[in-house]
Amino acid sequence: MTHTRLTVIGAVATLLITSAGVAHADDAPSVPPGTEATASAPVEVDPNDPDLKLPDGATLAEAKVLDIKQVVEDQSGDERREDTNSDVKFALQAEVLFPKDSAKLSAQAKSRIASIAEEIKTQNATKIRVFGFTDNLGSSAHGDVLSRKRANAVQSVLDQELNDSGITYEVRGYGEQYPIADNSTEAGRKKNRRVEVSFPRAEN
């Protein structure tokens, strides 16, 4: 399958991976994606160094390590890949995975998930997060259930493809929480209906 791809590079704070080590969605997720603690600085900074020329009474903010993020998205927007120095994340729109209001995967969807499994093998990842999301149409409770079912369906295919008992999964359904686009338009809602698969990159 050939796609025209757009690449955007920017600096973002490094995120720490957390894993609950479960194979099914949790009812009460504790750490939503994108809100994890940032990494500590690799070197210590002396706040008393005169070269810093801090005003009297001022203190340094906590230092942060910044990563380079590369984002590659299909022209259609159906699939998105984000790479940082520490993580890889794939986001697949629900329409390319499931029929409307369903958690049953299509044959084409399974092929796409299999390609993600190959990347997981390449990165030698053993901790994988699978998060489901919906738009804000319908009840919040329905969105929560549907997003969990969809995340579980994707995790099940990954588990079959990888066939590795050493891999642990964190699988969650967030429903309409954490939209990445405007829910007031259909184009935005389409982006928000998605399943994300993320895992650590291999250390170089």
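Select Y178 to begin: with a relative accessibility of 31%, Y178 counts as partly exposed (buried means under 20% relative accessible area, exposed over 50%, and partly exposed in between, with a 1.4 Å probe and protein chains only). The model shown is predicted; its local features need pLDDT of at least 70, side-chain atom pairs count only at pLDDT 80 or more, and totals for chains, interfaces and linings use all residues. Residues are numbered from 1 along each chain as its sequence is written, and side-chain values use heavy atoms, leaving out hydrogens and water.

Remain at Y178, which lies in the loop between β6 and α3 (186-192). Its phi is near 60°, a positive value in a residue other than glycine. Most residues other than glycine have a negative phi. Next, select D101, in the loop between β4 and α1. D101 also has a positive phi, about 55°, although it is not a glycine; D101 is partly exposed, at 49% relative accessible area.

Now display the whole chain as a cartoon. The protein has 3 helices and 7 strands (DSSP runs numbered from the N terminus: helices are H or I with at least four residues, strands E with at least two). Along the sequence, their order is β-β-β-β-α-β-α-β-α-β. Of the 204 residues in the protein, 38% are buried.

Select α1 (107-123). This helix has 17 residues and reaches 25 Å from its first C-alpha to its last, close to the 24 Å expected at 1.5 Å a residue (the expected span is 1.5 Å times one less than the number of residues). Its buried residues include A109, I113, I116 and I120. In an α-helix with 3.6 residues a turn, residues three or four places apart point the same way. Just after α1, N124 takes a positive phi of about 55°.

Which residues touch the most other members of the largest nonpolar core? They are L97, I128, V154 and L158, in a core of 28 residues (a set of buried Ala, Val, Leu, Ile, Met, Phe, Trp, Tyr and Cys residues joined through side-chain atoms within 4.5 Å). Among the elements that each supply at least two residues of this core are α1, α2 (140-162) and β7 (194-200). Helix α2 gives the most, with 6 residues.

Finally, select L97 and show its contacts (heavy atoms within 4.5 Å). Not counting residues up to four places away in sequence, L97 touches L92, K104, L105, S106, A109, I113, V154 and V195.
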